[in-house]
Amino acid sequence: MRWSLRLSVSVLALVLVSLFSVTIAQDERLVIVRPSDAISLDPQRATTAPEVWVYNNIYETLVVLDEDMEIQPGLATSWERIDEERMRFYLKEGVTFHDGTPFNAEAVQFTFERVLNPESPARGASWLGPIVGAEVVDEYTVDIVTDGPLGPLLNHLSMVFVVGMVSPDAVEQYGDEYGRNPVGTGPFRFVEWQTNEYILLERNEAYHGDVPEIAEVEFRVVPEEGARMLSFIRGDADMLLRAAPAELPMIREDPSYTVYDTPGLRVVYIGLNFTQEPTGDPRIRQALAHAIDVDSINAFVVEDAMEPATGVLATGVFGYAETDIVERYAYDPERALALFAEAGYEQNAQGQLVDASGDPLRLTQWASVGRDLKDKEVSETVAAQLREIGVTVEYVQREWGAYLSALALDEVDYNLFTLGWVTLTGDADFGLYTNFHEGYGTNRAHYDNAEVNALLDEARVDLDPDVRLAAYAAAQQQIVEDVVWIPIYQTRETVVVQEWVKGYVPHPGEYYVRLAPVTKE
């Protein structure tokens, strides 16, 4: 079936209008359509995909996590471990920031001081773990210093959304407006930003690596899914981010397009709050896991566009371990009712779960809108499934920004929450320590298991990969048994390009849309 046959009436109307305004993207400009705009282009302030898609082409890091999840040289050409708390990096010489400021060891030190400064607005400082700073050895040699050993040190240094190198002169010049005037060393330099319309970059003619063939890149905002698809299909755009899942099968069959599709690093899940009753009760958590039909959510809500999750980490992450989560918590309403009964709740004549006093089993469920694929629909389906078995659900839905802020408050009253986590370093430390270690700011289940804490501590500081893998495997199995998350799906990273776009290399990390090698033929 061709595209035109499936377009809705409203979309057809848009087609007719668009026939009078079709423009073919210029050969020298790569136009990318995406669902939302950036918040800031300062890597110390903005840490979500819409901004990192843009600024990972502006900024660079000491080391790079490549498409095979291997660490490669970046702005550092080589490195060596001096001792357990110090690693020395030898920097590429002759590199300048886009404003002409030289890139050297002082710039590295400046970037780390800015990230780690408690008075600064840096959002990712805690993600650096025990990294305490950078010390200049000479102009092109710098030591990264930690407070104790750190097994995934190199992976941490690949995070462009935390330690992308910023121009000291530009930061001083622009102050609080630096995020609207970003200056890095990357293959493209910032030109213009029209909020909620587009961001324009241009080729960095003085780039220290292979200079891109594409002269300009325009990141265009098209929020509505159908309009975004249409913009791409009619040739107004060269590249499409966040394609409509239902349309992907037809796109794949059309030789006019190339679909890059690779397993991603994000797991979308339902989290359970351990500090609230009744989800503090393990029987309730187990019952909920049996009451939610994950398979049907993946098949009918997510439309098989993603991979059913098999754990709390994505399969491509170092440290991922197979657990018995799928078998242990298979969809089984009868088993769910038995567990609810053990916890003191039976279905009354109306099918409602109530305790011995007749009070209903009441849960508060928080849900996001617009961050992850079908997150609203996934959350609504979970609520419906729980109501079907007799749970009384108070459902609270918020747009993404408000939702994230609410989750971070000290006082929260949710029992369940929908969220996703992407392990962008490719190392389990970033996926497990941040979400399951006691006291960590993004441990939104408020989970605290002494055995898991110890395992995660051990895996973080040990430099032996085998020791780390064993600790992570044990931690993941315990997390599964404790029912901290009910994983729904693991992402697939899908980018669609026109037939004339060549050279794009997909990356499992959803933030990494790297455009330097892309050409238009």
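# Close-up views of a predicted model

A search of the whole structure finds 27 salt bridges, each being a side-chain nitrogen of Lys or Arg within 4 Å of a carboxyl oxygen of Asp or Glu. This is a predicted model, in which local features need pLDDT of at least 70 and side-chain atom pairs count only at pLDDT 80 or more, while totals for chains, interfaces and linings use all residues. Residues are numbered from 1 along each chain as its sequence is written, and side-chain values use heavy atoms, with hydrogens and water left out.

**View 1. Asp42 and Arg45 form a salt bridge.** The closest N and O atoms of this pair are 3.7 Å apart. Asp42 has 1% relative accessibility and counts as buried, whereas Arg45 has 28% and counts as partly exposed. For these words, buried means under 20% relative accessible area, exposed means over 50%, and partly exposed is in between (1.4 Å probe, protein chains only). The areas come from the Shrake-Rupley method with a 1.4 Å probe, and for residues only the protein chains shown count as cover.

**View 2. Arg189 and Glu202 form a salt bridge.** Their closest N and O atoms are 3.5 Å apart. The pair links distant parts of the chain, 13 residues apart: Arg189 sits in strand E8 (residues 188-194) and Glu202 in strand E9 (residues 198-203). Helices (H or I, at least four residues) and strands (E, at least two) are DSSP runs, numbered from the N terminus. Both ends count as partly exposed, with Arg189 at 29% relative accessibility and Glu202 at 31%.

**View 3. Arg492 meets Asp261 in a salt bridge.** Here the closest N and O atoms are 3.1 Å apart. Arg492 lies in strand E19 (residues 485-498) and Asp261 in strand E12 (residues 257-272), so the pair ties together parts that are 231 residues apart in sequence. Asp261 counts as partly exposed, at 24% relative accessibility. Elsewhere, salt bridges that share partners join Arg29, Glu216, Glu218 and Arg220 into one network.

**View 4. A patch of negative charge gathers on the surface.** Its members are Asp27, Glu28, Glu213 and Glu521. Patches are made of residues with over 30% relative accessible area and no salt bridge, with like charges joined within 9 Å. Asp and Glu count as negative, and Lys and Arg as positive; His and the chain ends are not counted. For the distances, the place of a charge is taken as NZ of Lys, CZ of Arg, CG of Asp or CD of Glu. Glu521 belongs to the segment after strand E21 (519-520) and is exposed, with a relative accessible area of 68%.

**View 5. Asn435 is buried in helix H16 (residues 428-436).** Its relative accessible area is 2%. Leaving aside neighbours within four places in sequence, Asn435 is in contact (heavy atoms within 4.5 Å) with Tyr269, Trp421, Thr442, Asn443 and Trp485. In the loop between H16 and helix H17 (450-461) you will find His446. The phi of His446 is near 55°, a positive value in a residue other than glycine. His446 counts as partly exposed, at 31% relative accessibility.

**View 6. Asn104 is a buried residue in a loop.** This loop runs between strand E5 (86-91) and helix H4 (105-116), and the relative accessible area of Asn104 is 10%. Not counting residues up to four places away in sequence, Asn104 touches Leu91, Glu139 and Tyr140.

**View 7. Helix H11 (residues 294-301) has several buried residues.** These are Val294, Ser296, Ile297, Asn298 and Val301. What covers them includes strand E13 (307-308), helix H14 (375-388) and E19. After H11 comes Glu303, whose phi is positive, near 60°.

**View 8. Backbone details at Pro278 and Lys374.** Glu277 and Pro278 are joined by a cis peptide bond, with omega about 15°. Pro278 has its place in the loop between E12 and helix H10 (282-291). Lys374 lies in the loop between strand E16 (362-369) and H14, and its phi is near 55°, a positive value in a residue other than glycine. At 22% relative accessibility, Lys374 counts as partly exposed.

Methods. Patch = residues over 30% accessible without salt bridge, like charges linked within 9 Å, V, L, I, M, F, W, Y side chains within 5 Å.
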